[in-house]
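Subject: Structure handover

Hello,

Here is the structure for you to look over. My notes follow below it.

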Amino acid sequence: MSRSILVAHDGSPHAQDALQYALETFPNARLVLFHAIDPFELTPEEDRLPPLTEEWFEEQHAGATDLFEDALEEIDTESLTIETETAVGSPAQTIVAAVEETDVDGIVIGSRGRGNVAEARMGSTAELVVKRANVPVTVVR
């Protein structure tokens with residue numbers, strides 16, 4: 001039985017480490033590189049949430065496409081099975097929900113994302129995924 005692994009990626013160095021770990025640990029697995037589009041995330045230049053318009057949605061998907069390209073830029077993907085997926089919602093909830101939708105049997109996630117809590121051992125998204133997922137979760141530090 002071949003493995004299928006979801007790798008959560010938010011563009012952070014920890015997420016890239018998680019991708020590298022998944023590639024090294026599961027070289028023959030089907031990898032699903034997943035990005036959660038968080039409608040409640042504020043960027044540093046924003047002081048309030050943007051309206052959830054079709055334009056916003058298209059911009060977010062374009063950003064996810066760029067994120068995936070950057071993540072895979074220096075990886076030889078020719079002999080690999082890598083799919084990309086996105087979903088809109090709270091990152092932890094969408095990662096857990098994506099398990100069933102993508103038919104994976106494991107998750108690899110970075111210990112922290114782009115948040116500002118650098119001293120935390122594990123970020124809130126990783127912690128919630130560990131608690132709620134019904135498949136094994138590997139947290140990469």
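What follows is a short account of the fold, the strands and one surface patch.

This is a predicted model, in which local features need pLDDT of at least 70, side-chain atom pairs count only at pLDDT 80 or more, and totals for chains, interfaces and linings use all residues. Residues are numbered from 1 along each chain as its sequence is written, and side-chain values use heavy atoms, with hydrogens and water left out.

First, the overall layout. The protein chain has 4 helices and 5 strands. Both kinds of element are DSSP runs, numbered from the N terminus (helices are H or I, at least four residues; strands are E, at least two). Read from the N terminus, the order is β-α-β-α-β-α-β-α-β. Of the 141 residues in the protein chain, 38% are buried. Buried means under 20% relative accessible area, exposed over 50%, and partly exposed in between (1.4 Å probe, protein chains only).

Next, the sheet. It is open, has 5 strands and runs β3-β2-β1-β4-β5, with parallel pairing. β3 and β5 (137–140) are at the edges with a single partner strand each, so one side of each has no neighbour in the sheet. From one strand to the next, the twist averages 25°. That angle is taken between N-to-C directions, from 0 to 180 degrees, with axes as lines fitted to C-alpha atoms (for helices, over the stretch in contact).

Now the pairings. Two strands pair if DSSP finds at least two bridges between them. β1 (residues 4–8) and β2 are parallel and share 5 bridges. Across that pairing, I5 stands opposite L31 and L6 opposite V32. On β2 and β3 (residues 81–88), also a parallel pair, there are 8 bridges. There A36 faces A87 of β3. β1 also pairs in the parallel sense with β4 (residues 106–110), over 3 bridges. I5 stands opposite G106 there.

β1, helix α1 (residues 13–25) and β2 form a right-handed β-α-β unit. Right-handed means that, with the strands pointing away from the viewer, the path from the first strand over the helix to the second runs clockwise.

How much of β2 is buried? The count is 8 of the 8 residues, so β2 is largely enclosed by the rest of the structure. One side carries R30, V32, F34 and A36, the other L31, L33, H35 and I37. In a regular strand the side chains alternate between the two faces of the sheet. β1 is mostly covered too, with 5 of its 5 residues buried. S4, L6 and A8 point one way from β1, while I5 and V7 point the other.

Last, the surface. F40, L42 and L49 make a nonpolar patch of about 310 Å². Patch residues have over 30% relative accessible area and no salt bridge; like charges are joined within 9 Å, nonpolar side chains (Val, Leu, Ile, Met, Phe, Trp, Tyr) within 5 Å. A salt bridge is a side-chain nitrogen of Lys or Arg within 4 Å of a carboxyl oxygen of Asp or Glu. Accessible areas come from the Shrake-Rupley method with a 1.4 Å probe; for residues, only the protein chains shown count as cover. L42 lies in the loop between β2 (30–37) and α2 (54–72). L42 is partly exposed, at 42% relative accessible area.

Best wishes
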